[in-house]
2 protein chains.
Amino acid sequence: MQDIKKALTARADAVEARLDALLPPISTPEGEVVEAMRYSALGGGKRLRPFLVMETAALFDVEDDYALEVAAALEMVHCYSLVHDDLPAMDDSDLRRGRETVHKKWDDATAILAGDGLLTEAFGVLADSKTHPDAEVRLKLITGLAAAAGSAGMVGGQMIDLSPNRANLDLKGITRLQDLKTGALICYACEAGAILGKATSEELKALRLYAKDIGLAFQIVDDLLDHEGTPEETGKPTGVDFDAGKATFVGQLGLNAARAKAEELICSAKSRLDIFAGKAQLLRDTATFVLERRS
Amino acid sequence: MQDIKKALTARADAVEARLDALLPPISTPEGEVVEAMRYSALGGGKRLRPFLVMETAALFDVEDDYALEVAAALEMVHCYSLVHDDLPAMDDSDLRRGRETVHKKWDDATAILAGDGLLTEAFGVLADSKTHPDAEVRLKLITGLAAAAGSAGMVGGQMIDLSPNRANLDLKGITRLQDLKTGALICYACEAGAILGKATSEELKALRLYAKDIGLAFQIVDDLLDHEGTPEETGKPTGVDFDAGKATFVGQLGLNAARAKAEELICSAKSRLDIFAGKAQLLRDTATFVLERRS
């Protein structure tokens with residue numbers, strides 16, 4: 001676990017620096033929205049999705065400079081989704097990564113616009129020739145991101161999460177919800193590395209299955225942390241989903257079976273990487289990290 | 001004016017049909033967000049921006065099928081901006097195009113997500129090979145849209161519009177606000193036609209200046225309609241900006257000078273098109289339409 005934590009931190013620092021350079025500076029009359037964009041995107045965090053982009057790209061010896069652009073763009077999309085999801089009209093969260101959420105620090109309008117700005121900027125970054133010299137690669141990255149983040153992906157998942165039926169979802173329903181809400185972007189992270197690396201269809205498939213497994217495990221662990229963690233550990237309120245009467249993996253399966261399911265998924269995720277042999281060791285460690293994380 | 005109205009209607013019908021085909025169908029558990037996306041994007045409207053894409057593309061004999069994709073993508077972005085701007089946290093409007101706004105018909109969360117979904121979908125459409133066979137053209141379209149719609153464009157303009165200093169803007173400040181909030185997408189509409197048509201830099205410059213002129217005139221006419229129009233004519237509440245104490249062109253210049261300024265801009269816009277000679281007649285008529293419209 002030490003190695004993977006070190007690797008995560010190193011990649012996270014690189015992503016933070018790149019986001020800082022890519023996001024517009026605060027110097028204009030409309031600076032407030034830029035300030036809010038920067039606040040939410042530069043607020044630290046595990047940077048798990050960027051890490052997955054960079055490590056899957058590394059499987060194919062893609063230059064880090066290319067992968068870093070995609071990693072930063074994807075993190076912008078992830079951060080936009082957090083800013084919008086935290087709004088009072090949605091999950092109504094005051095705390096994120098141990099700090100005030102954007103609408104608490106500014107207001108709802110600024111949070112909506114900052115999210116809009118981050119989402120828009122992400123596509124601009126992917127279209128830039130710095131992201132990859134091959135135009136077709138950039139277009140595939142854009143197509144994939146639009147699919148993963150849109151109404152058939154993340155946005156659709158959040159919609160289900162807010163629907164009146166949310167409380168009564170069965171295990172299949174919760175799984176589908178999480179596949180869209182969290183899974184789609186995690187899956188895209190691994191796909192993006194494969195696109196950058198011009199992977200074979202077999203390699204792409206392996207990475208997709210790996211991503212699907214860790215994405216679901218990630219969410220089950222989130223549910224476990226919501227039950228067992230503390231706000232100090234997680235940097236956000238705990239017990240929220242449980243209190244809101246939302247159907248969760250833990251609620252459906254119980255604590256022990258939920259943990260067993262997460263372990264099984266992580267085991268499966270690692271086996272997906274067999275075709276990459278030793279080169280995928282950090283991705284296997286990432287799977288372990290997803291299981292054992294406390295925040 | 002009859003010809004331009006007929007042309008606008010014909011193009012608007014084509015855009016409506018294309019949007020209908022491009023937007024996802026309503027058939028999934030997350031269907032509500034898709035329904036809201038379709039409601040806002042298929043709600044009619046002048047479709048001025050799509051029209052400008054198609055008519056500027058026509059200057060270069062671009063196939064209508066290509067221009068239509070860009071027109072639909074741009075209209076998705078325009079509609080997303082309306083859905084978000086209408087939210088209670090922003091302009092708090094109940095009426096749009098003579099119908100309930102999305103957050104009134106559904107709720108704030110659905111409106112936020114529907115906007116997010118439309119914005120995301122737009123980039124997916126532009127990246128699709130149906131939009132243009134040349135990958136570099138599609139990437140230029142995406143880069144341009146991200147710049148026009150983001151924090152240095154439309155989103156930045158809306159931020160200024162909501163800022164505490166909004167009431168006290170002088171003429172220069174209002175002009176800059178409108179250049180970003182409304183002008184950026186109108187300018188992009190004309191740029192997009194030029195990108196599709198692989199215009200020379202001189203042609204691109206001419207179209208940009210034309211767009212800048214009609215964009216500003218469009219906003220001055222909006223202010224005039226806010227003062228002189230009725231909700232029946234405009235399909236939205238009138239007197240709103242005036243009542244909100246916002247600095248407007250009419251407030252700064254007075255009714256007569258504001259109208260004169262709009263006329264002057266339209267005259268200037270037409271002269272920008274000289275290099276296209278007779279081929280640009282519909283675009284000249286569009287400028288007249290922008291001035292004389294009552295909604």
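How many helices and strands are there in chain A?

**View 1. Secondary structure and overall dimensions of chain A.** Chain A holds 15 helices and two strands, taken as DSSP runs numbered from the N terminus (helices, H or I, at least four residues; strands, E, at least two). The model is predicted: local features need pLDDT of at least 70, side-chain atom pairs count only at pLDDT 80 or more, and totals for chains, interfaces and linings use all residues. Residues are numbered from 1 along each chain as its sequence is written, while chains are lettered from A and ligands numbered from 1 in the order in which they are written. The C-alpha trace of chain A spans about 55 × 50 × 35 Å along its principal axes.

**View 2. The side of chain A that touches chain B.** Contacts (C-beta atoms, placed from the backbone, within 7 Å) link 44 residues of chain A with 44 residues of chain B. In chain A, α2 (31-41), α6 (108-127), α7 (135-149) and α8 (154-162) each supply at least two residues of this side. The largest share, 12 residues, comes from α6(A).

**View 3. The largest nonpolar core.** This core has 206 residues; such a core is a set of buried Ala, Val, Leu, Ile, Met, Phe, Trp, Tyr and Cys residues joined through C-beta atoms within 7 Å. A residue is buried if 20 or more other C-beta atoms, placed from the backbone, lie within 10 Å of its own. A:Ile142, A:Ala217, B:Ile142 and B:Ala217 have the most contacts inside the core.

**View 4. Surroundings of B:Ile142.** Apart from neighbours within four places in sequence, B:Ile142 is in contact with A:Phe123, A:Ala127, A:Ile142, B:Phe123, B:Leu126 and B:Ala127.

Note on methods
A residue is buried if 20 or more other C-beta atoms lie within 10 Å of its own, exposed if 12 or fewer, and partly exposed in between; C-beta atoms are placed from the backbone. Two residues are in contact if their C-beta atoms, placed from the backbone, lie within 7 Å.
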